[in-house]
Amino acid sequence: MISRFKYCFYINLLLVCMVPTYAQDTVRQSFGFKFTGNLYTSVADFGRQDFGTALSSALPDFDLPAVSWGAEIQFGLVSSKRWGIGVELASLMNMASNRTTFKYANMEAGLYGEYVLVKRPRFELIGQFSLGITQGFLNYEHLQGDSGNGITLDGYMEEDVLNIRQKVLGYAALGFSANYVVSPDFSVGLFARWVQQIGHGYWYASMSDTRITDIPKSSRIPLNIGFVFSFSSLN
């Protein structure tokens, strides 16, 4: 009887000693670095249809494009517990160049947080939320007198020229990416996200504080879809 009691005591003592060790191992975090590059396109509705209508009425040769192209980089920390944080920088551009030159550019910088919703040996589904600031620029020139070799200053002053910008605005974005895991350190995939502008998208003349009153405010391009290339290394 005493011998059986000793065995039970030793077994219970062993379990008590193992529990803290197991608990420490389950909460231990492992961090590494992650670099993500996105190539994407955006639906270029510029927020409101009447924005394009206002520009077309003032500039008959103006044709609002259907899509814009961009690139984004993200750099941050990634955890073995499936979540990550970091910073993001992005640029969106639409250009058409001939006798009519149109350039639209949107720059953004922000912070992001992500979580791996589904994790498989060769597949992962990542949800991501980001907050940041953004600014848009639009330049339009229609050089009717351009012969291809040059134009006089007086001739240039008579041409249709538009150079406007938005002040710095905020944005919030929610996105998802479905990635194929090529190796533990590299994955490729597709992503989509919805971007909500924070603030009024009024337009101003060049770099001044003079607001263009008859051009409606416009939201930044909301829908982004594209490819993602991700490199990560856990310590």
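Q: Leaving aside its neighbours within four places in sequence, which residues is H200 in contact with?
A: Let's start with where to look in this predicted model: H200 sits in the loop between strand 8 (186-198) and strand 9 (203-205). Contact here means heavy atoms within 4.5 Å. Once neighbours within four places in sequence are set aside, the contacts of H200 are with L169 and K217.

Q: How far apart in space are H200 and G170, C-alpha to C-alpha?
A: Along the sequence, 30 residues separate H200 and G170. In space, their C-alpha to C-alpha distance is 9.5 Å.

Q: Which element of the protein chain has the lowest confidence?
A: Across the protein chain the mean pLDDT is 79, with 72% of residues at 70 or more. Strand 7 (residues 169-183) has the highest confidence, at 95. Over residues 4-27 pLDDT stays under 50, and the model has one contact beyond four places in sequence for them. The lowest confidence, a mean of 41, belongs to helix 1 (residues 2-27).

Q: Why should some predicted coordinates not be read in detail?
A: Residues 4-27 are a stretch to keep in mind here, with pLDDT under 50 throughout.

Q: What percentage of the residues of the protein chain count as buried?
A: A residue counts as buried when its relative accessible area is under 20%. Of the 235 residues of the protein chain, the buried share is 37%.

Key: Residues are numbered from 1 along each chain as its sequence is written. This is a predicted model: local features need pLDDT of at least 70, side-chain atom pairs count only at pLDDT 80 or more; totals for chains, interfaces and linings use all residues. Side-chain values use heavy atoms; hydrogens and water are left out. Helices (H or I, at least four residues) and strands (E, at least two) are DSSP runs, numbered from the N terminus. Buried means under 20% relative accessible area, exposed over 50%, partly exposed in between (1.4 Å probe, protein chains only). pLDDT is the predictor's confidence in each residue, from 0 to 100.
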